[in-house]
Amino acid sequence: MKLAKKIILIAVTLAAIVAVAVYWQYRQVLDYAKTPINITQEKIFTVPAGTGRVVFEGLLIEDNILEKGNEFQWLLKLRPELAQLKAGTYRLQPGMNVEQLLQLIVSGKEAQFSIRFIEGNRLSDWGNILRDAPYLEHKTTNLTPTELHALIGFNGEGTLEGWLYPDTYLYTAGTTDAEILKRAYKRMQNSLDEEWKGRDRDLPYKNAYEMLIMASIIEKETGIDSERAQVASVFVNRLKKNMRLQTDPTVIYGLGEKYRGKIYRSDLDNYTPYNTYKIDGLPPTPIAMPSLASLKAAAHPAKTDYIFFVADGKGGHTFSRNLNDHNRAVKVYRQFEQQN
């Protein structure tokens with residue numbers, strides 16, 4: 001009987017020791033969950049598809065985000081809800097602890113990246129910006145225009161020039177450049193349709209595409225919101241009077257890589273489809289990606305009788321109703337240039 005009691009006492013004692021050990025192990029793992037990760041600045045971390053618990057820990061150790069130890073795997077066993085890893089690219093922040101890191105990965109809230117396209121950029125500029133964007137998958141490289149148009153669902157007139165809405169676009173890692181272009185095209189298509197439907201009714205445009213062309217010219221002529229409608233009025237008045245537009249940005253576009261930073265007399269004398277000193281009416285395509293403000297100006301130009309404008313040297317323009325006034329404004333501008 002005494003032996004049985006001793007055995008029971010020993011068993012109880014051992015059980016108590018094991019229970020205490022388990023409890024302290026449990027506490028250590030819970031404390032480990034609150035341990036800060038080893039980063040001092042924002043870090044982008046990718047969890048590849050199909051990554052398991054062990055491989056996941058190895059990636060964290062390899063990136064010096066965690067120290068090697070047993071606690072991590074124990075944490076995933078004790079807190080199985082933190083082991084539901086979702087593939088993706090995540091933005092880790094200084095001050096995060098292990099639990100917060102795991103909660104982020106489990107949430108699937110991937111890092112958002114941004115890409116910005118400025119009003120007045122050309123299609124070639126968009127290509128360069130897309131090429132340099134981080135974590136973007138490139139699907140449009142070396143495609144012919146026909147292939148590119150098919151890939152993004154473009155069914156507008158001309159080329160993609162002018163058809164992409166300038167803005168800042170957010171995306172996650174693995175997004176394709178074609179997806180960005182498709183979003184930008186749809187936004188411009190919708191914006192153009194809306195402005196075309198609400199346009200003034202006495203405009204000299206045959207269709208919405210001609211209004212898009214006009215908007216692109218306005219965009220390149222002025223970046224001042226208060227001037228856009230006036231610039232539009234000059235070009236609309238000239239079209240109505242069958243006067244050539246004679247706008248330098250179209251000439252520059254037509255020169256392409258031949259443009260030398262300055263327009264020379266020979267450039268104005270040589271014919272290109274975009275030389276509005278030589279051609280009647282609008283050029284064949286837009287010359288840049290216009291802003292919504294320029295679209296609105298093309299759809300609702302100011303009611304003026306201006307047919308000329310020239311830079312005033314202060315960032316804006318001087319508008320004139322006749323050639324004499326225009327020549328005086330040009331003289332003032334040249335004097336300003338000489339003095340500055």
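Visitor: Is Asn237 buried or exposed?

Guide: This is a predicted model, where local features need pLDDT of at least 70, side-chain atom pairs count only at pLDDT 80 or more, and totals for chains, interfaces and linings use all residues. Residues are numbered from 1 along each chain as its sequence is written, and side-chain values use heavy atoms, with hydrogens and water left out. Buried means under 20% relative accessible area, exposed means over 50%, and partly exposed lies in between (1.4 Å probe, protein chains only). With a relative accessible area of 14%, Asn237 is buried.

Visitor: Which residues is Asn237 in contact with, leaving aside its neighbours within four places in sequence?

Guide: Asn237 lies in helix 9; helices (H or I, at least four residues) and strands (E, at least two) are DSSP runs, numbered from the N terminus. Contact means heavy atoms within 4.5 Å. Leaving aside neighbours within four places in sequence, Asn237 is in contact with Thr304, Asp305, Tyr306 and Ile307.

Visitor: How many nonpolar, polar and charged residues are in the contact of helix 7 with helix 8?

Guide: Helix 7 brings Met188, Leu192, Glu195 and Trp196, which meet Ala208, Met211 and Leu212 of helix 8. Ala, Val, Leu, Ile, Met, Phe, Trp, Tyr, Cys and Pro count as nonpolar, Asp, Glu, Lys and Arg as charged, and the others, Gly among them, as polar. The contact of helix 7 with helix 8 therefore has, by class, six nonpolar, no polar and one charged residues.

Visitor: How many aromatic pairs are there?

Guide: Rings of Phe, Tyr and Trp (its six-membered ring) pair if their centres lie within 6.5 Å; planes under 30 degrees apart count as stacked, over 60 as edge-to-face and the rest as tilted. By this rule the count is 14.

Visitor: What is the angle between the planes of Phe113 and Tyr171, and how far apart in sequence are the parts they tie together?

Guide: Phe113 and Tyr171 form a tilted pair, 5.8 Å centre to centre, with 35° between the planes. Both Phe113 and Tyr171 are buried. Phe113 lies in strand 3 (residues 113-116) and Tyr171 in strand 4 (residues 168-171), so the pair ties together parts that are 58 residues apart in sequence.

Visitor: Why does the pair of Phe117 and Trp126 count as stacked?

Guide: Phe117 is buried, at a relative accessible area of 1%, and Trp126 is buried at 0%. The ring centres of Phe117 and Trp126 are 3.6 Å apart, and the pair is stacked because the planes are at 5°.

Visitor: Which arginine lies over the face of Trp196?

Guide: A charge sits over a ring if NZ of Lys or CZ of Arg is within 6 Å of the ring centre and within 35 degrees of the ring normal. Arg91 lies over the face of Phe113, at 5.2 Å from the ring centre. Over the face of Trp196, at 3.5 Å from the ring centre, lies Arg199.

Visitor: What is the phi of Asn64?

Guide: Most residues other than glycine have a negative phi. Asn64 is in the loop between helix 2 (53-62) and helix 3 (71-78), and Asn64 is exposed, with a relative accessible area of 54%. Although Asn64 is not a glycine, its phi is positive, about 60°.

Visitor: How far apart in space are Arg122 and Ala288?

Guide: Arg122 is found in the loop between strand 3 and helix 5, and is partly exposed, with a relative accessible area of 23%. Arg122 and Ala288 are 166 residues apart in sequence. From C-alpha to C-alpha, the distance in space is 4.6 Å.
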